[in-house]
Amino acid sequence: MRKWLRWLRFVVNVRRFLPFLFEFFASREVSVWKKTFFVGLLLLYIASPFDLIPDWFALFGFIDDFTVFMFILQQIIKMAPASLKEKYNL
């Protein structure tokens, strides 16, 4: 249950991660490989014709897209340098 509450708090505060993402991709501390990997992962998912739940299922189709985006965002946070994590209290 505690894990779900942390995830829900993470989802609700997703808008505060925009400055973090900007600084992550602009930072010299983060390797070009990590930046390219995450951009490529997002582009691959967007360009992929396959979906876990088709988007024409109204709300449910967009929930899986959002879930994939949140998973990628969590991985970016895990791979971020400690200085960025401390700056944004992550």
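Reader: How do you know which local features may be described?

Author: In this predicted model local features need pLDDT of at least 70 and side-chain atom pairs count only at pLDDT 80 or more, while totals for chains, interfaces and linings use all residues. Residues are numbered from 1 along each chain as its sequence is written, and side-chain values use heavy atoms, with hydrogens and water left out.

Reader: What makes up the secondary structure of the protein?

Author: The protein has 5 helices and 0 strands, in the pattern α-α-α-α-α along the sequence; helices (H or I, at least four residues) and strands (E, at least two) are DSSP runs, numbered from the N terminus.

Reader: How do you know that the span of α4 agrees with its number of residues?

Author: The expected span of a helix is 1.5 Å times one less than its number of residues. For the 22 residues of α4 this should give 32 Å, and because the end C-alpha atoms are 33 Å apart, the two agree.

Reader: Why is K78 called exposed?

Author: Exposed means over 50% relative accessible area, buried under 20%, and partly exposed in between (1.4 Å probe, protein chains only). K78 has a relative accessible area of 58%, so it is called exposed. K78 has its place in helix α4, residues 58-79, whose buried residues include G61, M70 and I77.

Reader: Which residues gather in the patch of positive charge on the surface?

Author: The patch consists of K3, R6, R9, R16 and K78, and its largest share, 3 residues, comes from helix α1, residues 2-12. Patch residues have over 30% relative accessible area and no salt bridge, with like charges joined within 9 Å and nonpolar side chains (Val, Leu, Ile, Met, Phe, Trp, Tyr) within 5 Å. Lys and Arg count as positive.

Reader: What makes the nonpolar surface patch?

Author: I53, W56, F57, L59, F60 and I63 make this patch of about 680 Å². Of these, L59 lies in helix α4 and, with a relative accessible area of 58%, is exposed.

Reader: Why is the contact of K87 with E23 called a salt bridge?

Author: A salt bridge is a side-chain nitrogen of Lys or Arg within 4 Å of a carboxyl oxygen of Asp or Glu. The closest N and O atoms of K87 and E23 are 2.9 Å apart, and the pair forms a salt bridge. K87 lies in helix α5 (residues 82-87) and E23 in helix α2 (residues 17-26), so the pair ties together parts that are 64 residues apart in sequence. K87 is exposed at 52% relative accessible area, whereas E23 is partly exposed at 24%.

Note on methods:
Accessible areas come from the Shrake-Rupley method with a 1.4 Å probe; for residues, only the protein chains shown count as cover. The place of a charge is taken as NZ of Lys, CZ of Arg, CG of Asp or CD of Glu.
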